[in-house]
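Hi everyone, thanks for coming.

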Amino acid sequence: MKTKHFFNYVILFGILLVAEILLLTATAAIPRDFIHENIKVSAEYLCEKEPFFHINHKDLASRIDRHADAILLNIAYSYDSKTPFSSAIKSAYYFNPLKNENSNLLYAVTHNVAPNYVYMRYWHGSVVFVKPLLCVMSLPQIYVLNAAVLGLLFLIAAIVLYRFYGKGACFGFVAAGIACSLWYVPLSLEYMPVFVITFSAIPLTAYIQQKHPDKIGYLFFLLGGITAYTDFLTTETLTCLIPLILLLLHHQGKQIAFCLKSGLTWICCYGLTWFFKWVLYSVVYGAQGFRDALSQTAYRTAGQAASGGLFSQMSGAIIRNLRCLFPFSFLADPHGRMITVILFPALLMLFWLIRKQKNMPSFVGIFFLLGMLPYVRFVILSNHAYIHYFFTYRAQFASVFCLFLIFWYGTDTEFLRKEWKKIRHHR
């Protein structure tokens, strides 16, 4: 990397970090009274159901996480507007281990108790959007707004994909959305940020590729930082993999090194943004927070959540996430596991039979590698992916997208037409 470009990234990171801190501080400065009524209504609404519940008991993918939503609202309510900066860095909220988080939120709002639990390892950047909205609407209304925003962004992204990358990209995108049951995403604040960022990144990627191709690395850099700022460790890889797929489509498998470099800039900013949150907390409150964050990171990678050892946990994490893909999410045990495990090898065998013998696009193999990355993530963070499979499974949006593109570009359609004509002729 040239020295000039390196300093540009340093400056960009500095601007991003300052902007993120200022936004959180400004959000924390909003007086509690401004949101009290709407957050009380929201807390009562959350207490009508358990923190985790299925909208459709026959559909594994319909599990909604209101546990994390209650924590986010609790943090937003617990900010001290008199000390907004330190309060935003601390991200404390009221917690009682004897009650669930929905009840804790309602108790905090109705009894005006002080926060007693520090949740500093995340930025909780989505509160920048949620708390101002709570000034004018309650949580059920925010869920409706979520659906409108996500639906509009999905439509815009699909149109851009069709126009700039062709039918295959558009159809693959829609297929991935169906497989990952996107219709449930707006019903949890926790699920939203990554998909909003990813779908917004699609037209941005297309525009920059057309007008300023030399600036694409800056986009990936910003996407990594914004993802670490807003995400709750849900499906974070999507904001890198989906734009990366578009880069490969645009370059038709060429300039692999350039695409790899773009992905690495995402990783760098994503990691640095997390790291600096821990540094900020350690500067303000002491080094214990940094040690706690590292301890939680180690637990999410190797902490035991399944009986049978680490290997059982890793394989279980993959199977659990696979089973949430539509339509497997409707299949009951043990058949769901069996069909899920069998189907993907069967698809690969089918592809092998009807693949192009000549003129196979060079990027088909790369799509396979990209599609496998979410499963690498499930293995590395096996504890997290095993426990939270009901939302981490949507990281496979990129895998389904890649699988569709492999079939679209890698199969011999001329061969299939000839075989179809033979079948019709014999009839």
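Searching the whole structure turns up 38 aromatic pairs. A pair here means rings of Phe, Tyr or Trp (its six-membered ring) with centres within 6.5 Å; planes under 30 degrees apart are stacked, over 60 edge-to-face, and the rest tilted. Take Phe 275 and Phe 276: their planes are at 85° and their centres 5.8 Å apart, so this pair is edge-to-face.

Before I go on, a word on the source: this is a predicted model, where local features need pLDDT of at least 70 and side-chain atom pairs count only at pLDDT 80 or more, while totals for chains, interfaces and linings use all residues. Residues are numbered from 1 along each chain as its sequence is written, and side-chain values use heavy atoms, leaving out hydrogens and water.

Back to our pair. Phe 275 has a relative accessible area of 38% and Phe 276 has 29%. Both are partly exposed, which lies between buried (under 20% relative accessible area) and exposed (over 50%), using a 1.4 Å probe and protein chains only.

Now look at Phe 390 and Phe 391, also edge-to-face, at 5.3 Å centre to centre and 85° between planes. Are they buried or exposed? Phe 390 is buried at 2%, and Phe 391 is buried at 3%.

Ring pairs also build a cluster, whose members include Tyr 93, Phe 95, Trp 266 and Trp 278.

Finally, charges over rings (NZ of Lys or CZ of Arg within 6 Å of the ring centre and within 35 degrees of the ring normal). Arg 32 has its charged end over Tyr 77, 4.6 Å from the ring centre, and Lys 49 lies over the face of Phe 53, at 5.0 Å.
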